[in-house]
Amino acid sequence: MSPAGFLTLLLALCHQPGTAGSHVPGNRSGVGLAGRPSEHSMLGMMSPNSDVDECDVVMNLSAVDRCAFVKKTPDCTMEDGFINYLDVAFCLLPPNLTPLTITLCIMWLLFLFVILGLTASKFFCPNLSAISTSLHLTHNVAGVTFLALGNGAPDIFSAMAAFSHPHTAGLAVGALFGAGIFVTTVVAGSVALVKPFAVASRPFLRDVIFYMAAVFWTFLMLYRGTTTLGETLGYLSLYVVYVLTVIISAYIYNRQKHSLNASVQNVAPVPEFNSSDSSDDDVPNLTGGTIQQEYESEYRPLLPFSESTSQILLSSLNPVDNRKWRRKSWRWKVVKVLKTPIEVLLLLCIPVVDPDKEDKNWRRPLNCLHLITAPLVCVLTFQSGIYGDHMIQGQFPVWLLTLLLGLFLSAIVFCTTTNDCPPKYHPLFALLGFVVSAVLISAAASEVVSLLHMLGVVLSLSNTVLGLTLLAWGNSIGDCFSDITIARQGYPRMAISACFGGIIFNMLFGVGLGCLVQMLKTYSYVQFEPEGLLTWILAGSLGLSLVLSFIIVPLSRFHLGRTYGIFLLVFYASFLLIALLTEFGKIHIV
């Protein structure tokens with residue numbers, strides 16, 4: 001069943017009057033600031049205006065009164081996002097077309113997820129890699145900092161966008177906990193099914209212990225119902241401790257390895273394989289950079305060939321590799337055709353620096369164009385375009401000033417550089433690409449949160465269940481496919497490390513930065529009101545899955561086989577069934 005058909009079925013179930021599965025607005029969930037009396041089963045940051053009507057009750061009104069209610073109720077006005085989806089659902093489209101509204105929203109939601117995935121994988125992560133290379137960071141440090149930020153960018157920005165509004169912050173908790181369960185059960189279980197292997201014991205125990213600590217700390221904040229600025233900073237510093245632990249353990253491991261190799265060489269030297277008897281041509285180097293260079297050199301023209309500026313621009317805007325196109329299946333080609341227009345638009349706006357290429361991905365005409373489009377995109381999309389119409393002293397628009405400055409810089413760069421040789425300041429384009437991609441990811445995440453909030457109102461579903469299902473799946477499905485692919489290629493240890501390493505960053509920075517930003521905006525503490533049973537099922541299931549993995553894996557001598565993979569998949573299916581039954585009132589506290 002398609003997602004649109006599934007949600008349409010949920011709509012029919014939710015609006016049957018008098019059924020046990022009907023969901024009243026009082027069971028909605030959110031996260032909110034201190035100062036509002038608790039009148040719902042919510043996890044949330046509540047607005048201090050207790051006299052304002054809740055937007056959730058709009059579905060209890062007649063169809064003719066819903067548009068007027070949405071327009072006059074302040075809680076129905078979303079501060080973030082370019083589109084007021086509640087106005088679209090209740091005012092623009094007639095009530096008898098609600099299934100069509102849901103279908104169109106699901107299609108738009110999938111489109112937004114594609115934008116999030118493409119921006120993060122094609123632009124955000126490569127530029128972060130280029131920045132880490134320019135800073136000469138080690139692989140361990142880059143992996144737990146820049147790479148973790150690149151992989152978790154959609155989750156982090158979605159969580160921060162959800163925390164920015166009283167009635168959507170439940171999405172953040174649901175998505176972070178839901179994604180944690182999904183990754184540690186479905187993704188890890190799929191890796192074990194595809195490629196049974198023996199996991200590295202110390203890194204696995206380290207990651208599980210830190211993740212359990214993060215989940216337990218989050219559980220304590222929910223249980224106590226509040227968090228202070230000092231506790232939030234301590235919550236964020238837990239990841240700093242994790243990074244230091246990774247670096248120190250890697251240093252100790254490498255030191256022990258070198259000392260062991262030195263002792264072995266002193267006891268039993270092997271003269272047949274000394275460096276004077278072999279060369280780089282005799283012993284193949286299987287690093288990715290060498291393979292890429294050999295692959296490109298095979299198709300390099302024999303005679304010197306220089307492309308014109310227009311040819312460089314057109315080839316740079318072509319996201320399809322002809323050599324790869326011929327080798328791929330028809331399914332891949334169909335998906336690629338659908339994604340190509342989005343990739344072309346992103347290529348026009350975001351520069352990418354690739355340190356592994358000989359020319360560092362320097363494209364003179366396109367990079368000069370980026371100096372115009374990139375700042376303009378930032379101005380028009382930052383905080384949902386709040387500065388797009390801003391006037392300097394009421395006379396000169398900010399976007400026009402940005403356009404003129406971009407034209408000036410572009411002309412200077414174009415006149416002082418050549419097509420063949422990148423300038424010395426070319427690494428600065430990686431920083432520009434990082435900023436632009438971060439702004440676009442934040443804007444797309446805000447749209448996703450606003451759209452899911454509308455779906456929750458129309459379907460009478462809590463933000464928590466939307467977060468642990470649609471938002472968690474949308475942000476994690478890319479990691480699922482990539483980790484399974486890595487495991488099939490023979491690197492299951494790398495895949496399982498990615499499962500646990502990335503979600504620690506997402507949990508700590510998603511909740512920590514979300515609370516910290518709200519504290520800086522409101523100058524008050526954040527209060528949590530976790531009265532809903534679904535919140536405790538979510539937190540308890542994640543903690544239970546980690547504890548079981550912490551016990552079962554060592555007992556099986558750190559061998560992850562198909563039995564363990566099936567167990568994890570069954571665990572997630574059971575959790576999802578219990579969560580949905582709780583959402584529709586089948587499971588409740590007497």
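## Phe 90 and the nonpolar core

In this predicted model, Phe 90 touches Val 58, Met 59, Arg 66, Cys 67, Val 70, Val 457 and Val 458, leaving aside residues up to four places away in sequence. Phe 90 also belongs to the largest nonpolar core, a set of 133 residues in which Phe 90, Met 454 and Met 507 touch the most other members. Helix α16 (residues 427–459) contributes the largest share of this core, namely 19 residues. In soluble globular proteins, nonpolar side chains tend to be buried together.

## The chain as a whole

The protein chain contains 20 helices and six strands. Of its 590 residues, 46% are buried. The chain exposes about 29,600 Å², of which 66% is supplied by carbon and sulfur atoms.

Among contacts with a separation of 6 or more, 77% join residues 24 or more positions apart.

## Helix α6

Helix α6 (residues 153–163) is mostly covered, with ten of its eleven residues buried.

## Val 344

Val 344 is located in helix α13 (residues 330–349).

Beyond residues up to four places away in sequence, Val 344 touches Leu 317 and Pro 319. Between Val 344 and Ser 316, the C-alpha to C-alpha distance is 9.3 Å, while the two are 28 residues apart in sequence.

How values were computed:
Residues are numbered from 1 along each chain as its sequence is written. This is a predicted model: local features need pLDDT of at least 70, side-chain atom pairs count only at pLDDT 80 or more; totals for chains, interfaces and linings use all residues. Side-chain values use heavy atoms; hydrogens and water are left out. Helices (H or I, at least four residues) and strands (E, at least two) are DSSP runs, numbered from the N terminus. Buried means under 20% relative accessible area, exposed over 50%, partly exposed in between (1.4 Å probe, protein chains only). Contact means heavy atoms within 4.5 Å. Accessible areas come from the Shrake-Rupley method with a 1.4 Å probe; for residues, only the protein chains shown count as cover. A nonpolar core is a set of buried Ala, Val, Leu, Ile, Met, Phe, Trp, Tyr and Cys residues joined through side-chain atoms within 4.5 Å.
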